[in-house]
Amino acid sequence: MVLVLTPLRLALAALGALALSVPPAGAADTPDPAADAKAFRNYFVRKFPNVKLEEFVNGPYALNQDMHRQWEEKEQFPPYEFSLEMGKEMFAMPFGNGKGYADCFPNQGIGIRQNYPYFDNKEGKVVTLELALNRCREANGEPALSYVEDEMAALTAYMAFTSRGKPFDIRIPDDPRALEAYQNGKRYFYARRGQLNFSCATCHVQNPGERMRAEVLAPALGILNAMPIYRSEWGGMGTISRRFTTCNSQIRGVPLDPQDEEYRDLEYYLSYVSNGLPISGPGARP
Ligand code: HEC
């Protein structure tokens, strides 16, 4: 595993202190999410001056011309098509009590992906789309779905698809708990962990565009806009929950439970700093 990561290690060494000295997070003591988001975006725009802002939502494909061509070819016969169909059917299928998903969401669940996750003032916590879908099921007497398997991926694929092109619009309400959730997600993103002592940022902020094994690391800007994502390596679709737990395992860390509060805060942070970038999901990767 350590050997496998060698190119990345080399890249890190080459970037050295320089990369480490310009974290886009900023060093301000008072949290300022709007300033964070601006600095975050500027960092990527400067690092990749040839990539158009709205292209960042295409992950690794945004960073490399050959891969971009592959992406265009893939989009003609998208491998997520099956999942999308399944999600559409599932979404329309009434629960045992006659109600459906549409009854649980604003605008009947259509074109709303860009508003998730949101901070729930009553509960004082972040609510993601995956969590809201399971809460909807449970409120209607249906068992919760696994957060890392095909059905949840299919439902979120359909909901993303109906929201394509809509810019992320994540709000941080005037509530100290919301700001704390954001800060907590940010801390999680930049904290080093696992046997390899990597943070999320080590790979997705300092080394996007670098190869790790056969994969090209996606930039953290717009990294959730294409979720859920089909991966050939998985032979199927992966939810945000699946991606977070997989990335934690990759650094030989112990993943949290899907939808753990920390992961929800992390999703809140990562979505907020991509505000304004369009939803592009579902996506497909090599
Ligand atoms: C050791 C490097 C590494 C670390 C650390 C890492 N990831 Fe990843 N991540 C990858 C690889 C490899 C992929 C698959 C290729 C790609 O799309 O970037 C990936 C993909 C992703 C994707 C899907 C992006 C896309 O467009 O396909 C998300 C979202 C993501 N990671 C989030 C995270 C988060 C959040 C953390 C911290 C908990 C994290 N990653 C830590 C290596 C890493």
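**Close-up views of a predicted model**

**View 1. The shell around the ligand.** By class, this shell holds 15 nonpolar, five polar and three charged residues. (Nonpolar means Ala, Val, Leu, Ile, Met, Phe, Trp, Tyr, Cys or Pro; charged means Asp, Glu, Lys or Arg; the others, Gly among them, are polar.) This is a predicted model, where local features need pLDDT of at least 70 and side-chain atom pairs count only at pLDDT 80 or more, while totals for chains, interfaces and linings use all residues. Residues are numbered from 1 along each chain as its sequence is written. Of the 23 residues around the ligand, the ones that come nearest are Gly59, Cys200, Cys203, Ala218 and Cys247. Two elements give two or more residues to the shell: helix H8 (200-204) and helix H9 (240-250). H9 supplies the largest share, five residues. (Helices, H or I of at least four residues, and strands, E of at least two, are DSSP runs numbered from the N terminus.)

**View 2. Where H7 meets H10.** Look at helix H7 (residues 176-190) and helix H10 (residues 261-272): their axes come within 7 Å and cross at roughly 90 degrees. (Axes are lines fitted to C-alpha atoms, for helices over the stretch in contact, with angles running from 0 to 180 degrees between N-to-C directions.) That makes the two helices roughly perpendicular, a label for angles of 65 to 115 degrees. H7 brings Ala181, Tyr182, Asn184, Gly185, Lys186, Tyr188 and Phe189 to the contact, and H10 brings Glu262, Asp265, Leu266, Tyr268, Tyr269, Leu270 and Tyr272. (Contact means C-beta atoms, placed from the backbone, within 7 Å.) Sorted by class, these residues are nine nonpolar, two polar and three charged.

**View 3. The largest nonpolar core.** Of its 62 residues, Leu133, Ala157, Met237, Tyr268, Tyr269 and Leu270 touch the most other members. (Such a core is a set of buried Ala, Val, Leu, Ile, Met, Phe, Trp, Tyr and Cys residues joined through C-beta atoms within 7 Å.) Helix H6 (150-161) is among the elements giving two or more residues, and H6 gives the most, with nine. Leaving aside neighbours within four places in sequence, Ala157 is in contact with Tyr80, Ser83, Leu84, Gly87, Pro228, Met237, Gly281 and Pro282.

**View 4. Zooming in on Ala153.** Ala153 sits in helix H6. Ala153 counts as buried because it has 31 C-beta neighbours inside 10 Å; the cut-off for buried is 20 or more other C-beta atoms within 10 Å, with C-beta atoms placed from the backbone. The C-alpha atoms of Ala153 and Thr239 are separated by 5.1 Å, though the two residues are 86 apart along the chain.

Key
A residue is near a molecule or strand if its C-beta atom, placed from the backbone, lies within 6 Å of it. Angles under 35 degrees count as roughly parallel, over 145 as roughly antiparallel, 65 to 115 as roughly perpendicular and the rest as oblique. Two residues are in contact if their C-beta atoms, placed from the backbone, lie within 7 Å. A residue is buried if 20 or more other C-beta atoms lie within 10 Å of its own, exposed if 12 or fewer, and partly exposed in between; C-beta atoms are placed from the backbone.
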